[in-house]
Each structure stands twice: as structure tokens, then as C-alpha cells.
Amino acid sequence: MRTAQIARRFFVSGIVQGVGFRYFTQDEAERLQINGFVRNLRDGRVEVYAIGSAEILSKLRTLIGRGRAAPLVQHVAEEPANSIRDSLKEFSITYDQ
């Protein structure tokens, strides 16, 4: 039986651009087998769009909330998102804003 897949958007603020945060997020999402994307926003935040089970997305939120050694994450906002699962077959870094 397959677990229900949901979509979430996370908006991460702090020192999260120019420090490898997107690559860290991509590595963790791939490890958790999540589809979606991560991108920098013009206002200095990073957006993470992720599709997975509620349990796996909770794990991702915890990981991105901690960041890794270099970035300083101040806040992670979370909101439900519409699923665009059919067009996402992996987790990638995007550069559009």
C-alpha cells in the first residue's frame, strides 16, 4: 500500500543564499526520495517545493530548519501547495524566480 503523497512549500529565511543551502537541500531531498525543487527568491529567502508523504516532508522540514554548518536558518514557514507531481520526476535546483 502506497502512502498518500502531498505537496508543501517551505520558505526558509536567514543566511541561506550563497552558502550552498540549495545543494544541501537537494542532497537531503534525494536521500529521502522526495520530488520537487529548491530555488533562491529575490527577497533573500529560499523556496523549497516538495512532494512526499506527510512523515517524509516533516523530516525534510526538520533538516532544512537545522541547515548545515555554514548557513544560519532563522525561520521556516510552511504552507500546503497544489501538487504538480506529474511534471516532477526528481528533486532539482531551479534558477527561475
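I shall describe the sheet, then the helices, and finally the nonpolar cores.

Please bear in mind that this is a predicted model. Let us begin with the sheet. Five strands form an open sheet in the order β4-β1-β3-β2-β5, and the pairing is mixed. On average, and ignoring direction, neighbouring strands are turned by 15° against each other.

Within this sheet, β2 (residues 35-40) and β3 (residues 46-52) run antiparallel and are joined by six bridges.

I turn to the helices. Helix α2, residues 54-66, packs on the sheet and touches β1, β3 and β4, its direction making about 5° with that of β1. Helix α1, residues 21-31, lies across β1, β2, β3, β4 and β5, and runs at about 170° to β5.

What, then, makes up the largest nonpolar core? It has 20 residues, of which Val-12, Phe-21, Ile-34, Val-48, Leu-60 and Ile-64 touch the most other members. At least two residues come from each of β1, α1, β3, α2, β4 and β5, and α2 supplies the largest share, four residues.

Apart from neighbours within four places in sequence, Ile-64 contacts Phe-10, Val-12, Phe-21, Phe-24, Thr-25, Val-48, Val-73 and Val-76. There is also a second, separate core of six residues, including Ala-7, Phe-37, Ile-51 and Leu-88.

Thank you for your attention.

Methods:
Residues are numbered from 1 along each chain as its sequence is written. This is a predicted model: local features need pLDDT of at least 70, side-chain atom pairs count only at pLDDT 80 or more; totals for chains, interfaces and linings use all residues. Side-chain values use heavy atoms; hydrogens and water are left out. Two strands pair if DSSP finds at least two bridges between them. Axes are lines fitted to C-alpha atoms, for helices over the stretch in contact, and angles run from 0 to 180 degrees between N-to-C directions. Contact means heavy atoms within 4.5 Å. A nonpolar core is a set of buried Ala, Val, Leu, Ile, Met, Phe, Trp, Tyr and Cys residues joined through side-chain atoms within 4.5 Å. Buried means under 20% relative accessible area, exposed over 50%, partly exposed in between (1.4 Å probe, protein chains only).
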